[in-house]
Amino acid sequence: MKVAIAVFPGSNCDRDTLHVLRNVVKTDADLLWHREPDLDRYDAVILPGGFSYGDYLRAGVIGAFSPILKQVREMAREGKPVLGICNGFQILVESGLLPGALMTNLSLKFICKWTTVKVESSRTTFTGLFEEGALLNMPVAHQQGRFFIDEKELKRLVDNDQIVFSYSDAAGRKSEEANPNGSLANIAGICNREGNVVGLMPHPERASEPILSPFQSQDGLLIFRSMLNHLKNA
Amino acid sequence: MPVLNKYTVNVAIENKPSIRDPEGETILRDLMIKNGVTQVRKVRTAKLLELEVEAKDEAQAKTITEKMCSDLRIFNPVVSLCKITVTGEAK
């Protein structure tokens, strides 16, 4: 099993993700420059966090037109696992692989903090090993993470079980206080209808080793392990 | 071959009216109202791209820009709209 991590000019979580996959999860993984894509040899692809193209025009939009996205689309269509973390989520939304939009935070500030994230659906390729309702400690670090979608489309997301993660308090309530950026319905992550393409604003790769977390959180690990588990059983 | 002219085309990208614009709200609340400007009731911010477009006339410059804005997602149709204005021949 081999996982590709796409690298764009301005990606800055690519190596963290590589480290977690290789040294913590212990699976085969490579960094792949976005202009020289060769995804045929890979079973899954991760679009990492960062600031591709300096977030010019809108976070993720220029990356969405880069050569590697053609192959990412192909993998998504074939049902292979595709994960977008933070800027990767923004790229997936801008490419139309996931619905909605990620807008500037209501506070207008760059927000870098630990959040509590509730698992809303365990049917996806990246959440199969979680119990629904599980609460995870994962940090966010973004300025354009306010998820928005119109009412009709929101209903479709709910009806199709496409809301995967939401910001919640320690009791699992999706309160306004627990919502760091003003996302509609506290949405922190969503998937496509099939559940093989997932995007989330929080950073699981920064919550994969106890030493990096004030809560000794390794909650993000299960996202990567769910992906491998899915590939093993596929 | 028709002679091509250069036109200045402004593309203003703004949030749809139903979408909140926290930057505009902050400018109104913290800059204008707090400094005593009470006549301004609403502020909406936008991003402006000023283009020079080669075309045979203004209408074609506008059509080229409209298609490009939609094909390259210059604006995000989920939350934004863009207003395209040809302001005249580029100098």
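Biologist: A residue is buried if 20 or more other C-beta atoms, placed from the backbone, lie within 10 Å of its own, exposed if 12 or fewer, and partly exposed in between. What percentage of the 91 residues in chain B is buried?

Modeller: This is a predicted model, in which local features need pLDDT of at least 70, side-chain atom pairs count only at pLDDT 80 or more, and totals for chains, interfaces and linings use all residues. Residues are numbered from 1 along each chain as its sequence is written, and chains are lettered from A and ligands numbered from 1 in the order in which they are written. For chain B, the buried share of the 91 residues is 14%.

Biologist: In what order do the elements of chain B run from the N terminus?

Modeller: Helices (H or I, at least four residues) and strands (E, at least two) are DSSP runs, numbered from the N terminus. Chain B has two helices and three strands. Their order is β-α-β-α-β.

Biologist: Is A:Met1 buried, exposed or partly exposed?

Modeller: A:Met1 lies in the segment before strand 1 (2-7) of chain A. Because 13 C-beta neighbours fall inside 10 Å, A:Met1 counts as partly exposed.

Biologist: How many residues does the contact take from chain B, and how many from chain A?

Modeller: Two residues are in contact if their C-beta atoms, placed from the backbone, lie within 7 Å. By this criterion, the contact between the chains takes nine residues from chain B and 12 residues from chain A.
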